[in-house]
Amino acid sequence: MRLATWNVNSVKARLPRLLEWLDEAKPDIVCLQEIKTTTALFPAEEVAELGYEVAAHGDGRWNGVALLSSVGLENVSLGFLGEPSYEGEPAELTLIDEPGLRKPEARAVGASCGGIRVWSLYAPNGRTPESAHYAYKLDWFAALRTALAAELGPEPQLVACGDFNVAPTDDDVWDPAVFVGSTHVTPPERQALAALRALGLQDVVPTPMKGPHPFTYWDYRAGAFAKNYGMRIDLVYATGAVAGRVRGAYVDREARKGKGPSDHAPVVVDLS
DNA sequence: ATGCCTTATTTCATAAGA
């Protein structure tokens, strides 16, 4: 079974490349982030022609996530219980669909696919460590931890994949000195990842296609990809039961090349 | 090294991304 996660930076802008990549890589389960469209406008028919069922969760211009599966797609969750919303102020914890409260952004979709509970996640950026968005980011991770903990039973087959917008270690950025004072590398953000790992989730670190670092994101600007000025922020966090099935994992750097790429590359994981 | 931002929208300018 092949599992993949990819921040496509607009599923509509990326549709030709997405379809081509699905046809080549032939993943069974795909977690997409930043679809940047609504649930209704997700190109479900196009991916269905390649044999995928779809669970999309999008609300417009920003954010948006989706799950594609050719091995079944059941018990779909749009968002998670306790997911905070962003209101431009330090976030409050709100319940999904509770009347009178702002709906959470479209940052999480879960489903059971081929015997595995799968989550496609797009963590808030955080913007700057001083911003309300950063507090929201930490709140979002705390709520995610609680929601995932509630799904973990004995020998759970669960994987949380996506753009976590956190580089787990200094080795996961091209130059740690450049990131001093920036989001994505602060101790509280890394603590948020550690708290997920404390649930029993393991970081499935992919093999880089080139060089020593399995970066997954390179800025569009200043030739960052050509210089390999990247970050590893797209992660696969798997329970031990899933991690024990991993037979290989890699970053598909080829998908970052050429005309009209996403600024992120897919992470591909093969399971026995 | 696979080219030196890109996206959607309240569009000819802006906000956001990380």
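1. A residue counts as buried if 20 or more other C-beta atoms lie within 10 Å of its own. In this predicted model, buried residues make up 44% of the 272 residues in chain A.

2. Chain A contains five helices and 14 strands. Its radius of gyration is 17 Å, close to the 19 Å that the globule rule gives for 272 residues, so chain A is as compact as a globular protein of that length. Along the principal axes, the C-alpha trace of chain A spans about 45 × 45 × 40 Å.

3. Contacts in chain A were also sorted by separation along the sequence. Taking those between residues at least 6 apart, 68% join residues at least 24 apart.

4. Two packed helices are described by the angle between their axes and the distance between the axes. For helix α3 (residues 132–149) and helix α4 (residues 187–197), the angle is about 5° and the axes are 10 Å apart. Angles under 35 degrees count as roughly parallel, and α3 and α4 are therefore roughly parallel to each other.

5. Which residues form the contact between these helices? From α3 come L138, F141 and R145, and they meet P188, A192, A195 and L196 in α4. By class, this contact of α3 with α4 has six nonpolar residues, no polar ones and one charged residue.

6. The last point concerns DNA strand B. There are 26 residues around DNA strand B, and S10, Y220, R221, G223 and A226 come nearest.

Conventions. Residues numbered from 1 in each chain as written. Chains lettered and ligands numbered in written order. Predicted model: local features only at pLDDT ≥ 70, side-chain atom pairs only at ≥ 80, totals over all residues. Near = placed C-beta within 6 Å. Helix = DSSP H or I, 4+ residues; strand = E, 2+ residues; numbered from the N terminus. Rg over C-alpha atoms; globule rule 2.2 N^0.38 Å. Buried ≥ 20, exposed ≤ 12 C-beta atoms within 10 Å, placed from the backbone. Contact = placed C-beta atoms within 7 Å. Axes fitted to C-alpha atoms, helices over the stretch in contact; angles between N-to-C directions. Parallel < 35°, antiparallel > 145°, perpendicular 65-115°, else oblique. Nonpolar A, V, L, I, M, F, W, Y, C, P; charged D, E, K, R; others polar.
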